[in-house]
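Dear colleague,

Please find below the structure for your records.

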Amino acid sequence: MNQARQLTFSIFRYDPQDPNDKPQMVNYYITETPGMTVFIALNKLRETQDPSLQFDFVCRAGICGSCAMVINGKPTLACRTLTANFPSAEISLMPLPGFELIGDLSVNTGKFMRELAERLQLWLHPSDTAMDIHRIEAPMAPEEAAKLYELERCVECGVCVSACATKQMRDTFVGAVGLMKIARFELDSRDSRTSDDFYHVIGNQDGVFGCMTLLGCQDACPKDLPHMQQIAYLRRKMSISVSNL
Amino acid sequence: MAANPLPAKAVLLTDKPRGFSHPKWAARADRLQSVTGVLLGLFLIMHLHFESSILLGKEAFYQVAQFLEGGIFSETGHGYPILTQVFSAFMLLIVVVHAVFALRRFPSQIGQWRALRQQMKFLPHEDTHIWFWQMVSGFLLFFLVPVHLFAMMTNPEIGPHLSAERVVHHNAWMLYVLLLPAVTVHAIFGLYRVSVKWGLTTKRFALLKFAKVLIAYLLVLGVASLLTYIIIGRSLSLPVVPFVPGL
């Protein structure tokens with residue numbers, strides 16, 4: 001048996017609520033265990049060394065999207081990152097840039113996602129507005145359902161927003177998560193919105209035509225969503241629909 | 001749908017925007033930037049190959065130049081340099097259109113520049129770095145390309161001796177040393193980006209690798225041609241006599 005490694009975690013610490021606090025990197029040391037993820041290590045650190053350490057988690061299985069942070073320069077989910085991936089045994093943790101900082105590694109992605117959903121109207125606009133709960137829903141082709149399900153896998157972790165230099169440069173840009181969700185409703189046959197309606201929402205410099213194809217979203221998405229293809233699809237779709245305006 | 005809650009005045013103000021303010025220009029700008037970029041990129045690949053025919057000898061380059069100047073349509077077999085002038089003016093127009101729409105992408109405020117640099121430092125990412133260098137090279141090209149095109153419009157004579165004279169005795173080598181790497185990097189990565197931007201390919205990493213190989217190849221080709229012109233130019237005595245084939 002190899003001797004267990006000693007890991008060094010360099011963690012960003014700052015409480016914006018405390019006027020006397022200053023942002024700093026603090027080192028923590030912990031013994032690696034088999035199959036350890038950054039998420040497990042953080043919980044252990046909080047339990048045994050520093051109960052004031054702030055970070056978010058719910059599901060510990062890559063489903064809730066809460067534990068996104070910047071791990072050694074790459075934004076990703078802490079629960080899906082094995083410490084064994086870092087041969088140097090040194091791991092730096094920073095909060096996701098581009099979001100309101102709650103404290104330490106915790107950022108307010110919820111507020112961002114809610115504002116985005118309201119701005120882009122990211123909910124189904126049914127073609128049939130008559131409310132009748134006894135009516136049987138129209139069937140959907142399995143291929144269409146599979147396509148929608150693929151895009152529904154987004155966990156709103158905010159990694160694509162942090163990995164996007166365009167978004168960092170232009171705060172009003174909707175980012176990959178917004179475009180992904182628009183693409184999801186655009187593909188949905190139950191949604192009454194036309195290409196023209198979507199053009200008025202994302203057919204501008206803050207929408208699909210503001211994307212400079214830097215592909216940070218594509219390369220960092222922890223759910224491996226097809227951002228590149230979806231944004232290209234929307235770009236083509238919006239570019240064609242412009243002739244009807 | 002709910003009634004429009006905007007007051008009448010606001011409706012009046014936003015009613016039927018004209019010209020570039022019309023929302024359709026967002027899509028048009030993106031398309032025009034890509035189309036002009038592809039035209040310029042493909043032209044560059046051909047251009048570098050045509051002028052590198054000097055590597056095969058003066059005779060080869062002479063024939064290529066005469067052919068492109070429309071030599072087959074003249075009785076003497078000599079081309080018409082005015083074609084070079086007209087084509088240069090046309091390329092300048094394409095460059096202007098491309099530049100107008102590509103300008104949207106530049107960080108126009110110091111805050112945006114800082115955000116970009118900080119992002120690149122904080123989250124190293126290859127495609128973001130590539131875009132950064134494309135932006136820097138694009139900025140240089142604002143100044144370098146018009147100089148080159150202006151020279152071709154005012155002094156369109158192309159030939160093994162005349163081009164070598166331009167490179168050495170008119171000091172065009174200084175321009176080309178900067179222009180060659182800037183335009184090659186900008187054009188080839190630009191073609192790569194257009195392909196992934198519009199979804200023309202799904203094999204992104206293979207394409208990126210191909211783009212890098214192509215850049216290396218074009219740089220070698222360009223540098224070799226430039227060196228050849230410099231060697232020819234230094235061997236010429238002034239005043240330069242145009243090359244005559246078969247002598």
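Of the 245 residues in chain A, 39% are buried, a residue being called buried if 20 or more other C-beta atoms lie within 10 Å of its own, exposed if 12 or fewer, and partly exposed in between, with C-beta atoms placed from the backbone. Please note that this is a predicted model, in which local features need pLDDT of at least 70 and side-chain atom pairs count only at pLDDT 80 or more, while totals for chains, interfaces and linings use all residues. Residues are numbered from 1 along each chain as its sequence is written, and chains are lettered from A and ligands numbered from 1 in the order in which they are written.

Chain A as a whole

The C-alpha trace of chain A spans about 65 × 40 × 30 Å along its principal axes. Chain A holds nine helices and seven strands; helices (H or I, at least four residues) and strands (E, at least two) are DSSP runs, numbered from the N terminus. Among the contacts in chain A with a separation of 6 or more, 67% are between residues 24 or more positions apart, where two residues are in contact if their C-beta atoms, placed from the backbone, lie within 7 Å.

Chain A is divided into domain 1 (6-106) and domain 2 (109-244), with bounds that come from an automatic or database domain assignment. The C-alpha centres of these two domains of chain A lie 30 Å apart. Domain 1 of chain A and domain 2 of chain A each give 15 residues to the contact between them. On the domain 1 side, the largest share, four residues, comes from β4(A). That side of domain 1 divides into eight nonpolar, four polar and three charged residues. In this count Ala, Val, Leu, Ile, Met, Phe, Trp, Tyr, Cys and Pro are nonpolar, Asp, Glu, Lys and Arg are charged, and the others, Gly among them, are polar.

The sheet

Five strands of chain A form an open sheet with mixed pairing, in the order β2-β1-β5-β3-β4; two strands pair if DSSP finds at least two bridges between them. Because β2 (24-31) and β4 (74-77) of chain A stand at the edges with a single partner strand each, one side of each has no neighbour in the sheet. On average, and with direction ignored, neighbouring strands of this sheet are turned by 35° against each other.

The strands β1(A) and β5(A) run parallel and are joined by four bridges; here A:F9 has A:I91 of β5(A) as its bridge partner. By contrast, β3 (residues 68-71) and β5 (residues 90-94) of chain A pair in the antiparallel sense over two bridges, and A:V70 stands opposite A:M94 in β5(A).

Helix α1 (residues 38-48) of chain A lies across β1 (6-13), β2, β3 and β5 of chain A and runs at about 95° to β2(A). Axes are lines fitted to C-alpha atoms, for helices over the stretch in contact, and angles run from 0 to 180 degrees between N-to-C directions.

Two loop residues

The loop between β3 and β4 of chain A contains A:N72, whose phi is near 45°, a positive value in a residue other than glycine. A:N72 counts as partly exposed because it has 16 C-beta neighbours inside 10 Å.

A:D104 is found in the loop between β6 (101-103) and β7 (106-107) of chain A, and its phi, near 50°, is likewise positive in a residue other than glycine. A:D104 is buried, because 25 other C-beta atoms lie within 10 Å.

In helix α3 (residues 58-68) of chain B, the residues B:F61, B:Y62, B:A65 and B:Q66 are buried. They cover an arc of only 130° around the axis, so they lie on the same side of α3(B); the arc is that of the directions from the helix axis to the C-beta atoms. Their cover includes α7 (160-168) of chain B. Just after α3(B), B:G70 takes a positive phi of about 85°.

Between the chains, 26 residues of chain B are in contact with 29 residues of chain A. On the chain B side, α2 (24-51), α5 (110-122), α6 (126-154) and α8 (172-197) each supply at least two residues. The chain B side divides into 12 nonpolar, five polar and nine charged residues.

With kind regards
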